[in-house]
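Q: I'd like a close look at one part of this model, please. Walk me through it step by step, and connect the pieces as you go.

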Amino acid sequence: MSPRPPVPPFTQETAVQKARLAEDGWNTRDPEKVALAYSVDSRWRNRAEFINGREQIVAFLTRKWHRELDYRLIKELWAFTGNRIAVRFAYEYHDDSGSWFRAYGNENWEFDAEGLMYARHASINDLPIKETERKFHWPSGRRPDDHAGLSDLGL
């Protein structure tokens, strides 16, 4: 497999870039595409679920985006060192009954020398919100460069 830049060791610039690339990937809501950012033997803890390898990542993300409709995500770098990055994030979605939520969380990532993530530990909390309280209003897909980030939105 070819490297997936940026690769460790991370600098401030490359850690910010890696976080934005992860955000962009997840905002595609394409499980197969997203899974390619992870090593074939990647290990995740997502809330109370433990996921191992790309096949399970694809299955998990497929289930996720069938439940979490009109998903929009923003990630922000929190800290980095060597081959590790910590981000905080928020995403908004609604369920099939039309109820809206904003999920808040933190992720700790660890990368191999090729720039593939091989460990992801996520802690996430969901908050019911009214549709009028939504803050993420861009068309489906990548967040526009001029759209405010988490800190600018007061999140």
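A: Happy to! Let's begin with what counts as a cavity: on a 1 Å grid over the protein atoms alone, it is a set of points where a 1.4 Å probe fits but cannot get out. Please keep in mind that this is a predicted model. By that rule, there is one cavity of 30 Å³ or more. The volume of the largest cavity is about 40 Å³.

Now for the residues around that space. The lining of the largest cavity consists of Trp 26, Asn 46, Lys 64, Tyr 71, Leu 73, Lys 75, Phe 89, Tyr 91, Glu 107, Arg 120 and Ile 124. At least two lining residues come from each of strand S3 (69-81), strand S4 (84-94) and S6. S3 contributes the most, with three residues.

Let's take Arg 120 from that list. Arg 120 belongs to strand S6 (residues 117-129). It counts as buried because its relative accessibility is 1%. Its side chain reaches the side chain of Glu 107 in a polar contact of 2.7 Å. Beyond its neighbours within four places in sequence, Arg 120 is in contact with residues including Trp 26, Tyr 38, Trp 44, Asn 46 and Trp 109.

Leaving out residues up to four places away in sequence, Trp 109 touches, among others, Lys 18, Ala 22, Lys 75, Val 87, Met 117 and Arg 120. For a sense of the fold here, Trp 109 and Gln 17 are 92 residues apart in sequence, with 14 Å between their C-alpha atoms.

The charged end of Lys 75 sits over the ring of Trp 26, 5.4 Å from its centre. Lys 75 also lies over the face of Phe 89, at 5.0 Å from the ring centre. Both aromatic residues are part of a cluster joined by ring pairs: Trp 26, Tyr 38, Trp 44, Phe 60, Trp 65, Tyr 71, Phe 89, Tyr 91, Tyr 93 and Phe 101.

A pair of aromatic rings is described by the distance of the centres and the angle of the planes. In total, the structure holds 12 aromatic pairs. For Trp 44 and Phe 60, the ring centres are 5.8 Å apart and the planes meet at 80°, so this pair is edge-to-face. The pair links distant parts of the chain, 16 residues apart: Trp 44 is in strand S1 (residues 38-46) and Phe 60 in helix H3 (residues 53-67). Both Trp 44 and Phe 60 are buried. Tyr 93 and Phe 101, by contrast, form a stacked pair, with 5.2 Å from centre to centre and 20° between the planes. Tyr 93 is buried because its relative accessibility is 8%, and Phe 101 is buried at 18%, the cut-off being under 20%.

Conventions:
Residues numbered from 1 in each chain as written. Predicted model: local features only at pLDDT ≥ 70, side-chain atom pairs only at ≥ 80, totals over all residues. Heavy atoms only, no water. Contact = heavy atoms within 4.5 Å. Phe/Tyr/Trp six-rings, centres within 6.5 Å; stacked < 30°, edge-to-face > 60°. Helix = DSSP H or I, 4+ residues; strand = E, 2+ residues; numbered from the N terminus. Buried < 20%, exposed > 50% of the residue type's maximum accessible area, 1.4 Å probe, protein only. Lys NZ or Arg CZ within 6 Å of the ring centre and 35° of its normal. Polar contact = N/O pair within 3.5 Å; in protein donor to acceptor, adjacent residues only side chain to side chain. 1 Å grid on protein atoms, 1.4 Å probe; cavity = no way out; pocket = protein on both sides within 12 Å on 5 of 7 lines; lining within 4 Å. Points joined across faces, edges and corners; volume = space filled by probe spheres on them.
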